[in-house]
Amino acid sequence: MRMTDIQRCEVRPGRLVEWTLDPAAVRTASDLPDDARPPAYIQESHIRTARTVRESGLFVPTWLGTAFDVPGRVDLDALGEALRGWMLRHETLRSGFRWTGDDMRRFTLDAADVALRRETIGDFDDPGVLVQHLQDRFDHTADALRWPNFLFTAVVREDGASVYMAFDHSNVDSYSVQRLPAEIHELYRAGAGGSCPEPRPVSSYVDFCRTERADADGIDRTDAVVGRWRDFIGRCGGRLPNFPLDLGLEPGGALPRQKLMNEMLVDAGDAAAFEAYCRPYGGSLVGILAATALIVHEIGGEPVYRTVVPFHTRHKSQWRDSVGWYVGGAPIEVETARAADFPALLRMVSDRLRAARPLSRMPLARVLRLLGTDFRPTSPDLYSIVSFVDARDIPGSGDWAGLKAYGLIRVSYGDQVCAWINRLHEGLQFASRYPDTDIAYKNMRLYVEQLREVIVSVGRPQVS
């Protein structure tokens with residue numbers, strides 16, 4: 001699924017319909033007792049940061065979403081039931097948080113109390129006006145500091161509909177939204193055909209939060225994981241690493257606006273050749289990180305590439321189909337200047353990843369708490385990332401192009417670089433949000449162009 005923003009996902013005119021949680025269900029939730037299961041550390045950190053940024057006077061939307069088509073004349077009743085049925089599978093969507101003093105307390109709506117209210121908003125003839133309306137609605141509704149914090153919509157036409165859905169990041173990760181089109185289509189086809197599919201049991205992210213937090217609370221500042229992060233942060237100058245190229249930022253300046261960079265890097269043939277070249281060293285993730293280390297060394301002269309690599313935390317198969325924010329980070333340091341050639345750099349990256357990956361199982365927010373520091377009081381991103389995901393095995397991925405399926409990123413404010421590289425059936429796609437400065441644009445363009453060159457050059461046989 002290509003990652004992009006709402007402006008670039010082929011929005012077409014039509015009649016806009018919304019589904020929101022029924023007001024009666026919202027009232028029921030407001031009277032619920034506390035759910036003893038705590039927030040995940042990553043959820044708590046995200047929501048606390050959103051509150052701090054809001055109190056500083058800046059509204060920074062951070063939602064994720066998805067867009068996809070439903071071909072043919074659409075049965076809105078069946079589509080609404082499909083959306084409700086999908087929501088019932090995933091407990092995190094009916095679970096929220098409220099403040100008691102400075103403590104976050106969870107509440108969870110019972111499945112029997114979940115109902116969606118459908119409302120026809122109106123006809124939109126201008127795609128630009130429709131895009132702005134959708135973005136404004138998602139900004140308001142899929143907000144970390146309110147509940148419910150999601151919105152389901154469809155733009156209906158004679159020949160089909162386009163579904164647009166947005167969620168606060170606390171409930172979903174990229175994998176969650178990429179699985180979504182196939183699940184909704186499965187439920188919709190069944191409902192439109194008059195059948196009622198048996199509910200498929202899906203493990204709850206809320207249960208995962210409890211287990212992960214209990215494990216995290218079992219360590220103290222003497223733990224080896226805390227020590228490794230302390231040493232890494234020390235070598236980063238006492239902070240977590242940003243993207244190691246000049247981004248044109250003023251120290252202590254206001255949080256800058258961001259822009260999106262979004263394009264195909266290479267086609268399927270070059271992606272496969274790159275994967276084959278990198279496979280002996282661990283695959284395309286190793287290759288992407290090695291290429292990044294090489295490029296930032298060549299552009300900026302950095303002898304050591306330090307970054308935090310995102311990894312999923314769905315280590316047990318029971319969490320595979322679950323919607324939630326299953327992401328941890330592992331710190332790596334690559335001594336680029338010491339590598340004699342690209343294969344040596346690949347071996348170095350592979351060794352560093354293998355040694356660091358276990359650290360991603362411990363929530364970084366817990367580690368920072370034990371270190372007595374908080375690196376994210378005013379920025380929505382804790383650190384810069386270069387993420388690689390092979391999405392070809394995600395259910396329904398072969399249909400994404402025909403369904404105009406996209407993963408949606410909200411680009412608003414931020415002082416970090418977040419780059420996502422997705423392996424799709426049609427090749428490698430690059431998407432990034434980065435600070436909107438002339439210097440950042442220049443250096444990000446250099447990075448993307450040189451990344452493409454590295455991928456192509458190592459994958460294609462050299463002609464002597």
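## Basis of the description

The model is predicted, and local features need pLDDT of at least 70, side-chain atom pairs count only at pLDDT 80 or more, and totals for chains, interfaces and linings use all residues. Residues are numbered from 1 along each chain as its sequence is written, and side-chain values use heavy atoms, with hydrogens and water left out.

Helices (H or I, at least four residues) and strands (E, at least two) are DSSP runs, numbered from the N terminus. Strand β15 spans residues 427-435 and is mostly covered, with nine of its nine residues buried. Buried denotes under 20% relative accessible area, exposed over 50% and partly exposed in between (1.4 Å probe, protein chains only).

Two strands pair if DSSP finds at least two bridges between them. Strand β9 (residues 258-267) pairs with β15 in the antiparallel sense over nine bridges; within this pairing, N262 has A431 of β15 as its bridge partner. Strand β14 (residues 418-424) also runs antiparallel to β15, joined to it by seven bridges. L424 stands opposite G427 in β15, and a hairpin connects β14 to β15 through two residues.

## Aromatic contacts

Rings of Phe, Tyr and Trp (its six-membered ring) pair if their centres lie within 6.5 Å; planes under 30 degrees apart count as stacked, over 60 as edge-to-face and the rest as tilted. The count by this rule is 14 aromatic pairs. In one of them, the ring centres of Y205 and Y326 are 4.9 Å apart and the planes stand at 65°, so the pair is edge-to-face. Y205 belongs to helix α6 (residues 205-216) and Y326 to the loop between β10 (305-312) and β11 (327-334), so the pair ties together parts 121 residues apart in sequence. Y205 is buried at a relative accessible area of 1%, and Y326 is buried at 0%.

Ring pairs also link W86, F150, F152 and F167 into a cluster.

## Charges over rings

A charge sits over a ring if NZ of Lys or CZ of Arg is within 6 Å of the ring centre and within 35 degrees of the ring normal. The charged end of R51 lies over the ring of W99, 3.8 Å from its centre. The charged end of R213 is placed over the ring of Y41, 3.8 Å from its centre.

## Crossing of α8 and α9

Axes are lines fitted to C-alpha atoms, for helices over the stretch in contact, with angles from 0 to 180 degrees between N-to-C directions. The axes of helix α8 (residues 268-278) and helix α9 (residues 284-300) come within 8 Å and cross at roughly 90°. The two helices are therefore roughly perpendicular, a class covering 65 to 115 degrees, whereas angles under 35 count as roughly parallel, over 145 as roughly antiparallel and the rest as oblique. Contact (heavy atoms within 4.5 Å) is made by F274, E275 and C278 of α8 and by S284, G287 and I288 of α9.
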